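Dear colleague,

I am passing on the structure below, together with an account of what was found in it. Please read the notes with the coordinates open beside you.

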Amino acid sequence: MRGEGERMGVVRILLPLPRALARVSPRVGGPLLGAALLRCLTPGWVWMRPQPPARRLAWSAEAVAAYRVLLVGEHPGRRDRDGLARALALYANALLLAGRHQDALMAADESLTVPGARTSRAQAASVLHTRAQTLTEAGPLEEALEAARECVAAYRHAVPRRRDRSLGTLAGALRTYALVLGGLGRAEESVAVYEECAGLLRAMSFRQQQRVRLVKPRVLVELTGGLRALGRYGEAVEVGAEAREATDEFPAWIYPEIMLPLRARLLTDLARCQDVTGGLPRARETAEQAVAVSRTLAERNAAIGEPWLVEALECLAHHLGRLKKTGEERSALRELADLCTRLTVSSPEVYEPRLAQALDDLAFCCEAEGADREAVEAGEQSVAAYRSAAERSPQTYEPELARALANLTIRYYGTGSPDAAVAAGREALAITRRLAESDWDTYQPLTARRLRVLARALRHAEDDAGALACYEEAETIVRELMEGTDRERYEAGLAVTLSALATTLRTAAKAHLAGDRVDEAVTALRSLLALTRRTDQTDVHAACLTAFAVARAQAPDEVRSAWQRVTADPYPSFVYRIPAVHKASATN
C-alpha cells in the first residue's frame with residue numbers, strides 16, 4: 001500500500017512531462033498523458049484520500065481531451081478507444097460531484113457508446129451507477145429507479161479486475177437503489193435493500209471492507225433511519241449501535257464533511273428510538289451528543305451543519321420535555337427558535353413552520369415557569385409564523401394556525417387580555433369550521449373543543465350570553481358525534497362541556513338577579529333545570545341546586561311570579577334529581 005502511494009506521488013509529480021510531450025507530439029505524448037491522468041484518478045491504494053472534486057474534474061476533462069485527439073486520425077488504436085471510454089466514465093462521475101447533472105448524463109451515455117471500445121462489466125456497471133446517482137439528485141426518480149436496478153444487476157455479474165476495483169462496488173449500487181426506493185416512498189422495500197447491503201458488508205473480509213470503508217457507515221446510518229421510520233425501534237437501536245462503531249472508526253479530521261453529518265443524523269435517530277424503547281435518560285444523553293456534533297459541523301460549514309443542528313435541538317427539547325426538565329427545555333427551544341429565525345430568511349418554506357412549532361413549545365415552557373408575559377409573546381410569534389406558512393400552503397398549515405390561535409386564546413385570558421382572547425378564539429373557531437366542511441371526522445370534534453375555548457374567553461370578557469351559545473353548540477356537536485360507534489371517545493368532552501355550561505348558567509342567573517333582571521334570571525334557571533334532565537353529573541345538579549337556592553334567598557316572590565309568566569309548569573320546589581343508579585340502590 002505504501003509503495004502504491006509512493007508511485008501515485010511520482011506520477012503526479014511527473015505529469016508536466018507527458019503534458020509537454022502531448023503538446024509537441026499528440027500521437028506520442030497523448031497516450032502517456034491519458035494513462036497518467038487515469039492513474040491519478042483511480043488510485044489503487046484504498047486509504048489514499050480522494051482528490052478534491054475540482055481537481056478530479058480538471059484531470060478527467062484533460063484525459064477526455066487527450067484521448068479525443070487520438071481518435072481523430074485515420075487509424076485510432078483500440079487502447080485509445082478504451083482510454084476514451086474510461087476517461088468519459090470518470091469525467092461523468094466528476095461532473096456529478098460538481099453538480100453538473102445534465103453534462104454528467106451526457107458523458108455517461110457517451111462512455112457506453114464509444115465505437116470499438118472494450119468496456120469491462122465493472123466499468124459499465126460504474127457508469128450505470130453514476131447515471132443512477134445523477135438521476136437520484138436531478139430526477140425524475142422513476143428513471144433513477146430503473147437505472148439503479150440496471151447498475152445493481154450489472155454489478156452482480158461483474159468480476160472486477162484489479163484496475164477496475166476503484167470504480168465502484170455492488171454495495172455502493174445497492175445503497176443507491178435503496179435511496180431511490182426511499183425517495184419514492186417505498187420504505188419497506190428500501191429497508192429490505194439496505195438490509196441486503198448491510199449483510200453483504202458484514203460478510204466481507206477486512207481487506208474487502210477497505211474498499212467500501214465510506215459505504216458501510218452510510219448504509220448503517222441510513223438503515224437505522226429507515227427502521228425508525230417503519231417503527232422498528234428495537235432493530236434500529238441494534239443497527240444504530242453497529243453504525244456508531246462504524247463511524248467511530250474514523251477520527252474527526254478524516255472526511256469531516258462526510259462523517260460529521262452522518263454522526264449527527266445517526267445520533268438524532270438513535271435518540272428518538274431509545275426514547276420509544278424505554279431508555280429515556282440514555283436518549284437524552286444521545287441527543288446531547290447529537291447537538292454537540294451538529295454544533296461542531298455548523299462551525300465548520302454553516303450551510304451543512306445548521307440544518308442538522310435544528311434536527312438535534314428539536315430532538316433534545318423533546319426529551320427534556322419528557323423528563324420534565326422545563327428550564328433546560330426552555331433554553332434548548334430558545335436556541336432552536338433563534339436558529340430557525342435565521343434560517344427562515346433563506347428557506348421560509350422549510351424553517352418557518354419549525355420556527356412556529358418551537359415558539360409554541362417555548363410558550364408552554366414559559367407558562368410552566370410562571371413567565372406568562374413571555375409565554376404570550378412566544379405564542380404571538382408562533383401564530384405569526386404559522387399565518388405566514390399558511391399563506392403559502394393553507395391545506396398543510398391552517399390546522400396548525402388554528403391550534404396555535406386556540407393556545408394563544410387561553411394565554412390571553414390567563415393574563416387579563418379578554419378582548420384579545422375573544423378575537424383569537426373567534427379566528428381559531430372560524431378556521432376549524434371551514435376545515436370541517438371538507439374533513440368532518442377530523443375537525444368536527446375540534447370544533448367543539450374550540451367552542452369551549454372561545455366560551456371561556458367570552459366569560460372572561462363578561463359576555464355570558466355568547467359563552468352560553470358556544471357551550472350549547474358544543475354540547476349539540478358532541479352529542480351528534482356520540483351517535484356514532486365511538487361513543488366512549490367523546491364522553492369526557494361531553495362531561496367537560498356540561499360542567500362548564502352549568503357553571504355559566506349558574507353565574508348568569510346570579511348576575512341577572514343582582515341586576516334586578518328577573519326574567520333573564522328565570523330563563524337561565526329554566527335552562528339549568530333542563531340541563532339536569534339531560535345528565536346525571538353530580539356537579540351539574542349541584543350547580544342547579546345552588547342557583548335555585550340563591551334565587552329563593554334573594555327574590556323568592558319575584559322569581560316565582562316571573563316563572564309563572566313564561567311557563568305553565570309549576571315553580572319547582574325540589575330540583576335535585578337523584579341519579580337512576582342511586583334510585584335503584586335505594587329501593588333494594
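Helices here are DSSP runs of type H or I with at least four residues, numbered from the N terminus. On that basis Leu 355 lies in helix 18, which covers residues 348-368. Please bear in mind throughout that this is a predicted model.

I begin with two single residues. Leu 355 has a relative accessibility of 10% and therefore counts as buried, the cut-off for that term being under 20% relative accessible area. Setting aside residues up to four places away in sequence, Leu 355 touches Ala 337, Cys 340, Thr 341, Thr 344 and Ala 385. Between Leu 355 and Leu 297, which are 58 residues apart in sequence, the C-alpha to C-alpha separation in space is 21 Å.

The other residue is Glu 222, which is found in helix 12 (residues 215-229). Is Glu 222 buried or exposed? With a relative accessible area of 5%, Glu 222 is buried, and its contacts, again not counting residues up to four places away in sequence, are with Arg 175, Leu 179, Tyr 194 and Arg 265. The C-alpha atom of Glu 222 is separated by 9.3 Å from that of Ala 178, a residue 44 places away along the chain.

Next come the nonpolar cores. The largest of them has 103 residues, and the members that touch the most other members are Leu 525, Leu 531 and Val 559. For Val 559, if neighbours within four places in sequence are left aside, the residues in contact are Leu 513, Val 518, Val 522, Leu 525, Ala 551 and Tyr 571. Apart from this core lies another, of 47 residues, which includes Leu 128, Leu 170, Tyr 194 and Leu 201. Tyr 194 of that core is also one of the residues touched by Glu 222.

Helix 20 (residues 394-414) packs with helix 21 (residues 418-438) at an angle of about 155°, and their axes are 8 Å apart. Since angles over 145 degrees count as roughly antiparallel, helix 20 and helix 21 are therefore described as roughly antiparallel to each other, and their crossing is left-handed. On the helix 20 side the residues that meet helix 21 include Leu 401, Ala 402, Leu 405, Ala 406 and Tyr 412, while on the helix 21 side they include Ala 424, Gly 425, Ala 428, Ile 431 and Leu 435. By class, this contact has 13 nonpolar, 3 polar and 3 charged residues.

Helix 23 (residues 464-482) and helix 24 (residues 491-514) cross at roughly 155°, with axes that come within 9 Å. That angle makes helix 23 roughly antiparallel to helix 24, and the crossing of the two is left-handed. Among the residues that make the contact are Leu 468, Tyr 471, Glu 475, Val 478 and Met 482 of helix 23, together with Leu 494, Leu 498, Leu 501, Leu 505 and Ala 508 of helix 24. The residues of this contact divide into 12 nonpolar, 3 polar and 5 charged.

Helix 24 also packs with helix 25 (residues 518-532), at an angle of about 155° and with the axes 8 Å apart. That makes helix 24 roughly antiparallel to helix 25, and here too the crossing is left-handed. The contact includes Leu 498, Leu 501, Leu 505, His 512 and Leu 513 of helix 24, and Ala 521, Leu 525, Leu 528 and Leu 531 of helix 25. By class there are 12 nonpolar, 2 polar and 2 charged residues in the contact.

Finally, some points of backbone geometry in the loops. Asp 516, in the loop between helix 24 and helix 25, has a positive phi of about 60° although it is not a glycine, and at 67% relative accessibility Asp 516 counts as exposed. Lys 324, likewise not a glycine, has a positive phi of about 65°; Lys 324 lies in the loop between helix 16 (302-322) and helix 17 (326-344) and, at 69% relative accessibility, counts as exposed. A cis peptide bond joins Gly 139 and Pro 140, with omega about -5°, and Pro 140 is in the loop between helix 7 (121-138) and helix 8 (141-157).

With best wishes

Methods: Residues numbered from 1 in each chain as written. Predicted model: local features only at pLDDT ≥ 70, side-chain atom pairs only at ≥ 80, totals over all residues. Heavy atoms only, no water. Axes fitted to C-alpha atoms, helices over the stretch in contact; angles between N-to-C directions. Parallel < 35°, antiparallel > 145°, perpendicular 65-115°, else oblique. Left-handed = near helix turned anticlockwise from the far one by under 90°. Contact = heavy atoms within 4.5 Å. Nonpolar A, V, L, I, M, F, W, Y, C, P; charged D, E, K, R; others polar. Buried < 20%, exposed > 50% of the residue type's maximum accessible area, 1.4 Å probe, protein only. Core = buried A, V, L, I, M, F, W, Y, C linked by side-chain atoms within 4.5 Å.
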